[in-house]
Amino acid sequence: MATLAQRHILLVVTGGIAAYKAPDLVRRLRDAGATVRVAMTPAATKFVRPLTFQAVSGVSVHVDLFDPGAEAAMGHIELARWADLVVVAPASADFIARLAHGLADDLPSTLCLATAAPILVAPAMNRLMWAHAATQANVAVLRARGVRFVGPDEGEQACGETGAGRMAEPPAIVVAALCAQGGDALAGLRVLLTAGPTQEPIDPVRFITNRSSGKMGYAVAAAARDAGARVTLITGPTRLVAPAGCEVVAVTTAQDMLDAVLARVADCDIFIASAAVADYTIATPAPHKVKKAGTALTLTLTPTPDILRTVATRAGAPFTVGFAAETERLAEHARGKLTSKSLNMIAANLVGRVGTGFESDDNELSVFWKGGERQLGKAAKQALARDLVAIIAERYRAEAVHSE
Ligand code: C5P
């Protein structure tokens, strides 16, 4: 399994409110096995004290280009050489501009210029600053030079506006760091995923279905693929274009979906059930179109198989992730399903509100596992999918370590 073991990561923290998330990032990078040193711009020290980073990284923090003490301990050129990867998080618009122009007027910019290591940038700024032609031109220059970017995400900003500019969440930055080190977070793993609704036929022209668009599941499939997994997507009928590079199996009914899953589950490491599987199917679909009779029509519905539970309770079950769409008492219902369906993890969201959930481009997830949980605030489904995949990779690794 890919980790950051023995990797030297130099974290550059620049001035922005998202700097408050950087200590958490240090902790996660260290959890993934990396040795972390932190360099801060003077503006960054206005948001978080160097002492905080010293406490979480276990070593002194580099702030001043001309500090003789720090230079004596590890000179800036030595530090630039020490790094296997430079992560700039958060990266302000100003720092991105200085990086693009090769300025070296403080310690972090000098380190970025003096290093031969790959650079990963996690931008964080107001949405208009991010969208500005100057920033986008700087980003294009840096990308062309091989600098990698993670985020920014869309969502609510510290300034009260909503749009693209939020720093990617620390788990997503860890995954991007793994990718930048040639070790994708899910490299070598096989992910089997269900998505979309199912259709249960009443007769040859009618069926029962639900409002699932499949967007969340398709976004998770793409994010797992980007994290290096081999992905098989078993999908009910949707209007979406299947993500390139994934094996796609199209199915219609819950029973078809179960058959397709069971035919492949023995070969997978991670199973993610994002499909909105119909809970009931028509006991005996009519062979011909049902005629209008002007009287009440009774349909007998029988329960469908629970695909997720079937997989999770198999001997040698893969790491299993379920979804839960709830209209109330989210945590309680989600934790209930985590236990009753024997899952490793469940991602839950509230439905029945405008702007998130079914059919929407945005969502908001609460992720639960035995002994932990994480909230992923409202964001585009693609950004959420990336964060969710990062958490899955983290938990998969953690549980693999436990069962060794
Ligand atoms: O019990 P509930 O339908 O709320 O559980 C939702 C989770 O179970 C989702 O992950 C969904 O994909 C999965 N599921 C399934 N087969 C069913 C019903 C739900 O895999 N028949």
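In this predicted model, the centres of domain 1 and domain 2, taken over C-alpha atoms, are separated by 36 Å. The domain assignment of the chain places domain 1 at residues 8–180 and domain 2 at residues 190–403.

The two domains touch each other through a limited set of residues, with 12 residues of domain 1 in contact with 10 residues of domain 2. The size of an interface is often given as the accessible area lost when the parts come together. For domain 1 and domain 2, the area buried between them is about 880 Å², and carbon and sulfur atoms give 55% of this area.

Turning to specific interactions, the count between domain 1 and domain 2 is 1 salt bridge. This salt bridge joins the side chains of Asp-153 and Arg-386, with a distance of 2.6 Å from N to O.

On the side of domain 1 that touches domain 2, the elements that give two or more residues are the strand β6, which spans residues 153–156, and the helix α10, which spans residues 170–180. Of the elements on this side, α10 gives the most, with 5 residues. When the residues on the side of domain 1 that touches domain 2 are sorted by class, 6 are nonpolar, 2 are polar and 4 are charged.

Key
Residues are numbered from 1 along each chain as its sequence is written. This is a predicted model: local features need pLDDT of at least 70, side-chain atom pairs count only at pLDDT 80 or more; totals for chains, interfaces and linings use all residues. Side-chain values use heavy atoms; hydrogens and water are left out. Domain bounds come from an automatic or database domain assignment. Contact means heavy atoms within 4.5 Å. Buried area is the accessible area (1.4 Å probe) that two parts lose on being put together, summed over both. A salt bridge is a side-chain nitrogen of Lys or Arg within 4 Å of a carboxyl oxygen of Asp or Glu. Helices (H or I, at least four residues) and strands (E, at least two) are DSSP runs, numbered from the N terminus. Ala, Val, Leu, Ile, Met, Phe, Trp, Tyr, Cys and Pro count as nonpolar, Asp, Glu, Lys and Arg as charged, and the others, Gly among them, as polar.
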